[in-house]
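This report considers selected strand pairings and one feature of the surface. Please refer to the sequence and structure below while reading.

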Amino acid sequence: MKTSSANGVLRPLIAVMTTIAFVFSPFAAVAQQKGDPAAKDGADEQAQPAKPAGPTPKLFLLPTQGVQDDISGIIPERIGEMLRGQLQGKRSIELLPTYDKLQKQGGGRANAAVAEAKRLYTSGIGLLTAGEDDKAAKTFQKAVDIMEQNIADLQNFDVLADAYKNMALAYKNAGYDFDSRKRMKVFACLRPEATLDKEKFPKELREVFNDEVKKIKRAGPGKLVIKADVGAALVYIDGVSKGKTPTTVEDVGYGYHYMVVRAPNGGVWSEQIRVRGRGKTQKFDVELGAGGAQADAEQSGDAEGPAFYTGLLGGIKSGSFGKDLQPYLAELVTRTGTQYVAWVAMVKKGREYMAVPFIYRAEDGLMIQADSVSFNIELSNLRVGVSQLASTIVATADTMPEDQAITSVDLTASEEKAPVAAAATGGEQGGEQAGEQAGGEAVATNDQTGEAGETTAAGSEAGEEAATHVTQKEQDSVEPPPVPSDKEGETDKWVWIGAGSAAVLVTGLVVGGVVYMTDSGSDQPKNFDATLSW
Amino acid sequence: MFDFGRYTFKAAALVALLAVVGCGDNTQRDPKLNVQVIGWGPGQTGTVGFQPQLPSFTTDGLVRVSLTQPQTGKVFETKSFSPGERKAQMPKLRFGSNMRMEFELLDGNSNLAAYGATPLFNFAEGDVVQGFRIQVDHVNDFAPVGSVVTRDGRSELTQSRMDYRAVRTIDSGRWLGRIGHATVPFDDGNKLLVVGGGDVSSLRAPATMPSFRTVHDDLMEFDPITGYFTDLSYDPQSGTPRPNGADRLLEPRAFHTVTPIGENRFLVVGGLTPGDPDPRVLGSIELIDLNAAPGTRVQQLMGPNGSAAHLNRPRAFHTATFRPADNTVVVVGGIGSEGANDALTSVEFINLSTGAVQEGANLSEGRAEHQAVLMNDNQTIWVMGGRNSSGVLASTEVIERSGSGGTVGPEASMSTPRFGFSTVRITPGGNQIVMALGGYTDLQGGVTDTFEFSSLGRGQFLSAGAWRLDEARGNPNAIELPNTHDVVVMGGRDQSQVRVTSAEVLEFQSLDANNPYMSRPTNTTSYNNRSGATANLLSNGKIVLIGGIGRFDNTDTTLDSAEYFTPADPREAAASN
């Protein structure tokens with residue numbers, strides 16, 4: 001153990017002198033000026049080029065949220081409301097209503113997944129025509145998978161049947177005979193009356209189809225007795241209405257089909273069924289209660305919203321997000337028709353609230369983290385800060401600067417980055433804590449992991465946590481954001497006079513401080529002791 | 001106006017803060033490195049197993065502890081102790097980077113009996129304490145990798161196995177044993193990444209397709225400090241797998257390639273995935289970036305047009321070699337979509353800067369289960385041996401860089417045709433000589449015990465009747481040791497397709513000697529009777545074997561566990577060479 005008695009006198013003296021000098025220095029004044037948002041805001045407004053005539057881009061603003069509930073919900077809510085108001089006044093964008101309002105207005109209800117499946121189907125047709133059979137088969141397969149997963153939302157079963165038919169051809173051309181036959185048989189079940197184009201479909205494939213149709217005809221239809229826990233639910237088989245529950249359906253042929261049952265309250269049940277044919281009775285007891293409840297929640301447009309929307313908000317609220325938001329955002333885009341989605345996430349940083357705006361462009365999935373804005377704890381700079389946020393969002397949506405594009409961000413990590421002053425002076429305590437976490441307890445910690453965990457291996461959590469901080473944007477955001485002043489645009493010549501006269505003192509003290517720090521650095525340990533036990 | 005009140009408040013606050021810091025605790029604690037030894041060997045009663053301390057390897061001898069920097073060959077400090085002391089202090093070790101604390105147990109004849117070491121670590125200002133647990137095992141012997149788990153409320157050391165936490169949610173019945181997986185060291189060899197692979201229902205005969213029970217899509221990180229495997233898709237905070245299959249491969253695959261492309265990033269190319277009924281070859285390309293945030297570590301490689309990049313010809317049993325000179329991965333041969341005998345002549349170039357994939361000049365012969373070695377100019381790739389529908393190849397070809405692609409030209413043929421063999425670009429001779437060893441010599445599974453050498457432009461491979469391994473092996477593992485330049489050869493199968501579970505060391509003599517490498521059997525057998533595993537040299541100086549087929553719970557199965565082989569690689573040998 002080493003101690004330095006000289007430091008006990010020198011350090012506080014230099015600290016006090018440096019402090020006095022800094023307060024009166026030009027740096028303090030410059031820092032104030034630099035952070036003045038009012039002037040910047042105004043400049044931004046003026047700098048915006050006149051928009052060419054034409055439709056203004058639509059922007060959907062998500063509710064402003066605090067990250068991980070470390071800020072009272074009132075503050076983000078208030079900032080969000082004011083931000084919405086500011087954005088409504090911007091001529092360069094068309095701010096869409098809230099999700100809740102859009103739903104009440106009957107805004108888009110298209111199922112994004114089905115739309116994506118249809119897009120894939122079309123793409124598969126193109127690939128098949130181009131002779132890219134392998135890729136075509138995969139694309140059709142993806143389309144079919146998506147449609148089957150969302151069968152309740154599928155309106156046009158012809159697309160599904162056609163995808164099966166063309167997938168069979170693509171597999172055949174790509175040399176996957178078994179896969180080809182399998183798909184063609186499913187198509188035959190769905191469309192036994194179809195005729196295959198002789199020029200397009202090879203003889204073997206047509207024979208597979210014809211054989212399967214013969215089998216279906218030989219077997220004859222089955223007898224499907226369908227009951228539901230909700231009365232008068234509509235029954236569809238392969239997209240064709242078959243009456244209301246309870247009902248018996250006797251015209252569905254042997255093989256694979258899709259049954260969808262829709263309750264009057266919105267509940268949906270769906271399943272791929274295999275009809276045994278030969279007039280055999282198959283009973284289906286459909287439970288629609290849970291599904292109905294789920295559908296109700298989605299349709300009512302209440303505060304919670306549908307799962308994708310709550311998932312999106314939840315992802316943002318976690319403070320750690322990135323490409324994992326893409327599916328939710330894509331769904332939001334499909335449902336609202338927006339071109340841009342913006343949101344603001346707030347984190348508490350010391351005695352300030354940092355508002356971090358993000359903008360997502362639907363066209364290419366580009367996600368930008370724009371410049372953050374800090375609000376002081378009294379919110380005395382609320383108006384200025386919100387104005388700055390609004391301008392930032394509009395300007396960013398306009399330019400979408402790719403150098404600010406992110407793939408992921410972890411806002412929770414930034415809290416652990418100490419402010420510059422604290423980092424410079426935090427010294428040994430911080431180092432000791434970090435060291436102990438990183439190293440000294442490693443064996444014990446890992447033991448604990450093992451104890452808490454499983455009879456098989458458990459992971460290194462320390463490693464995981466460290467990794468969460470590694471994002472491109474994190475490194476960018478180490479620099480503290482500009483601090484809006486609560487005295488907008490104020491300058492005073494006395495500040496400069498005082499500051500100027502203090503500059504000499506500052507220079508001397510900075511130099512002295514550096515010399516001192518260099519000198520005191522020699523007291524830092526350069527060695528370590530190793531202990532091995534065996 | 002100048003606001004005195006405001007500045008006064010700020011000044012007071014800063015004075016208080018800085019004064020506190022300035023007057024603060026000036027006590028400077030001496031930083032500590034704590035190393036705890038565990039091992040696999042006899043306990044005090046003589047029973048062999050995991051010991052929470054140094055096993056009772058020898059009754060006399062010496063413990064030698066050294067702080068080294070392996071990459072430069074420096075030894076900062078060495079001290080010797082009696083094994084009975086059970087504790088050693090090494091004060092005043094200088095801060096530094098890429099250091100390793102080595103623990104050697106010398107027997108009564110001063111021969112190295114047991115060895116273990118930390119991974120590479122840094123010690124710098126601000127570090128207060130670091131701790132490592134190291135496993136010390138008999139040299140030239142196998143030992144299961146130990147990790148601490150809890151059974152019935154008690155902590156105990158047991159053999160490390162794959163992390164089942166994520167798969168329990170995804171597919172609770174899945175067995176994580178595997179063959180056809182890929183393992184790549186990262187963090188300078190301090191850790192290992194295990195990617196994909198599959199569990200098979202029957203033994204794969206040479207030159208045939210495997211019968212998969214399951215093909216894995218996971219990424220497992222192996223950390224020798226703890227012995228733990230960690231499934232990267234498992235989120236420890238939520239206790240569930242990350243949503244949407246994040247940090248898992250987009251397509252499960254085995255017999256694929258995982259190519260290091262620098263900075264803890266890897267390119268996953270091709271492989272086999274389950275098909276109906278036979279496995280299907282893949283053309284997809286995935287990028288693993290271990291520097292990215294959790295949840296985003298696996299992405300598709302995107303092509304120049306913004307869509308996912310694909311190989312023009314899907315394939316498995318191919319090679320994919322990173323060509324640093326132009327940031328390109330060169331994909332060579334393999335089997336195509338027509339099945340096990342569809343050996344491809346195709347060479348594709350994946351430009352990592354643009355994501356463009358282009359086919360270049362073809363090989364003169366289709367090749368699968370061949371080898372491709374990047375030469376020391378960082379741009380020439382030597383393609384050797386392999387098999388196609390005509391048989392097994394002795395021929396070799398060289399791919400020279402040409403623009404963003406390459407030209408293919410003939411090179412000297414090997415003395416022995418071989419596929420499923422190993423190559424090592426050996427250090428002696430200026431890193432220009434490639435050794436080919438072992439492998440299958442015919443499509444029926446005949447194996448060879450020969451090895452041979454050549455360098456580009458030599459015009460022939462050098463071999464001799466006495467240049468032989470102790471045992472003939474198909475699909476062996478071979479690793480060159482950094483100090484002695486010996487080559488450790490393990491695993492493989494004999495001509496009856498029985499697992500070869502021993503290890504042998506090709507001891508380097510001299511390039512001028514009649515026999516440059518003399519085979520020395522270790523007379524040791526893999527703990528799990530393992531074959532078909534991957535083998536990688538870690539920064540702690542041990543070779544870790546992962547997966548493969550072997551013995552577990554009295555059953556022959558694909559293995560989900562890890563095992564060490566501890567080579568003897570004394571530093572003194574480096575000086576003599």
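## Pairing of E29 and E30 in chain B

In this predicted model, Ile350(B) stands opposite Val357(B), a residue of E30(B). The strand pair concerned is E29, covering residues 347-351 of chain B, and E30(B), which run antiparallel and are joined over three bridges. In general, the strands of a sheet pair through backbone hydrogen bonds, in either a parallel or an antiparallel manner.

## The four-stranded sheet

E29 and E30 belong to an open sheet of four strands in chain B, ordered E27-E28-E29-E30 and paired in the antiparallel sense. From one strand to the next, the twist averages 20°.

E35(B) and E36(B) form a hairpin, with two residues between the strands. In the turn, Gly403(B) adopts a positive phi of about 60°.

## A positive patch on chain A

Which residues gather in a patch of positive charge on the surface? The patch consists of Lys214(A), Arg218(A), Arg276(A), Arg278(A) and Lys280(A). Of these, Lys214(A) is located in helix H10 of chain A, which spans residues 203-219.

Key. Residues numbered from 1 in each chain as written. Chains lettered and ligands numbered in written order. Predicted model: local features only at pLDDT ≥ 70, side-chain atom pairs only at ≥ 80, totals over all residues. Heavy atoms only, no water. Pairing = 2+ DSSP bridges. Axes fitted to C-alpha atoms, helices over the stretch in contact; angles between N-to-C directions. Patch = residues over 30% accessible without salt bridge, like charges linked within 9 Å, V, L, I, M, F, W, Y side chains within 5 Å. Areas by Shrake-Rupley, 256 points an atom, 1.4 Å probe, with all protein chains shown as cover. Salt bridge = Lys/Arg side-chain N within 4 Å of Asp/Glu carboxyl O. Lys, Arg positive; Asp, Glu negative; His and termini not counted. Charge placed at Lys NZ, Arg CZ, Asp CG, Glu CD.
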